[in-house]
Amino acid sequence: MDTYGDMVTLLLCFFVLLYSMSTISEENWKALVMSFNPDADQNIHDVPEDSGGPSSDPMDDSGDNADAPLMGLSQEDIDEDIEDLYEALKAMAAQQSSDDSISVMKDGGKVYVTFNDTTFFNGNSYQLREEAYPVLDSLSQILSNASESIDEVRIQGHTAQARRDQPNKVMEDRFISSNRATNVLCYVQQHSVLNPGKLVSEGMGQWRPVDTNDTAEGQAHNRRVEVIISGRDLEQEKLAGTVEQYTTQPEAAAPDATQSTTE
């Protein structure tokens, strides 16, 4: 019985100690730590007033920044940046084109910019014209200004069906449209601070026309480059992550003449 009684007494003391530690004051906490390590005085952190240590909720893993949006931006900040980007692109279109060769529209969190073929390229060519550079410089600067709020920039190249009675040759059709989109993308990547992982190029060929191919004017509308800019959605990012997880650097570095060749 004595052994059993001693065991019960020890258990009682143990649970009393646990209870006392759950409501321990800062001074008692320091005294307890000092009893084990007299040299620990300089390393003892203050104990929160409402508890003796970390959060009492085992499911609460939120730190000071856990609920803060990535890069310190709120959804309101992002939406405002995308709206400013939209207005800047409209101003660019008005300044750079007097013949509606650049059009800008906005739908939800996406901004759509359309450049007809004469803005960037000569017919049946994917080499950028000299006249394209000022436009692309403006585009790159506008994208840079909103880089933290942009989720993705998708650049699509389109062609027109040359003959009414038959489709274009598949290889030429896809090749020209893909290379047009890629050349625009490469210029933007080299002249903006936008994360390269956010840039995507696509060759759509003749298969997504916006006008008839029966007239020269309609074909000019169909031969185009479209830039689709998506703003970030913080709620979606919590579920699916962000494009930064695929890259080793958060932002694109400045162009480097010593860049290695692709392997």
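**Exercise 1. Check the length of α5, then list its buried residues.**

Step 1: count and span. α5 has 14 residues, and from its first C-alpha to its last it reaches 20 Å, close to the 20 Å expected at 1.5 Å a residue. The expected span here is 1.5 Å times one less than the number of residues. Helices are DSSP runs of H or I with at least four residues, strands are E runs of at least two, and both are numbered from the N terminus.

Step 2: burial. A132, V135, L136, L139, S140, I142, L143 and S144 are buried in α5. Buried means under 20% relative accessible area, exposed means over 50%, and partly exposed is in between (1.4 Å probe, protein chains only).

A word on the ground rules: this is a predicted model, where local features need pLDDT of at least 70 and side-chain atom pairs count only at pLDDT 80 or more, while totals for chains, interfaces and linings use all residues. Residues are numbered from 1 along each chain as its sequence is written, and side-chain values use heavy atoms, with hydrogens and water left out.

**Exercise 2. Work out the fold pattern of the protein chain.**

Step 1: The protein chain has eight helices and five strands.

Step 2: read along the sequence. The pattern comes out as α-α-α-β-β-α-α-β-α-β-α-β-α.

Step 3: look at burial and contacts. Of the 263 residues in the protein chain, 32% are buried. Among contacts (heavy atoms within 4.5 Å) between residues at least 6 apart in sequence, 70% join residues at least 24 apart.

**Exercise 3. In what order do the strands of the open sheet run, and which are at the edges?**

Step 1: order. Five strands make an open sheet, β1-β2-β5-β3-β4, with mixed pairing. Two strands pair if DSSP finds at least two bridges between them.

Step 2: edges. β1 and β4 are the edge strands, each pairing on one side only. On average, neighbouring strands are turned by 15 degrees against each other, direction ignored.

Step 3: go through the pairs.
- β1 and β2 run antiparallel, joined by six bridges. They form a hairpin with two residues between them, and G108 in the turn has a positive phi of about 65 degrees. D107 has K110 in β2 as its bridge partner.
- β3 and β5 also run antiparallel, with seven bridges; E152 stands opposite S230 in β5.
- β3 and β4 pair in the parallel sense over six bridges. V153 stands opposite L199 in β4, and Q156 stands opposite E202 in β4.

**Exercise 4. Which side of α3 is buried, and what covers it?**

Step 1: list the residues. I78, I82, L85, Y86, L89, M92 and A93 are buried in α3. They sit on the same side of α3, because they cover an arc of only 125 degrees around the axis (the arc is that of the directions from the helix axis to the C-beta atoms).

Step 2: check the other side. There, E76, A94 and Q95 are exposed.

Step 3: find the cover. It includes β1, β2, α5, β3, β5 and α8 (234-240). α3 lies across β1, β2, β3 and β5, running at about 160 degrees to β1. Axes are lines fitted to C-alpha atoms, for helices over the stretch in contact, and angles run from 0 to 180 degrees between N-to-C directions.

**Exercise 5. Which residues touch the most other members of the largest nonpolar core?**

Step 1: define it. A nonpolar core is a set of buried Ala, Val, Leu, Ile, Met, Phe, Trp, Tyr and Cys residues joined through side-chain atoms within 4.5 Å.

Step 2: name them. Out of 37 residues, L89, F120 and I229 touch the most other members. The largest share of this core, seven residues, comes from α3.

Step 3: zoom in on L89. Not counting residues up to four places away in sequence, L89 touches V104, V111, V113, L139, I142 and I229.
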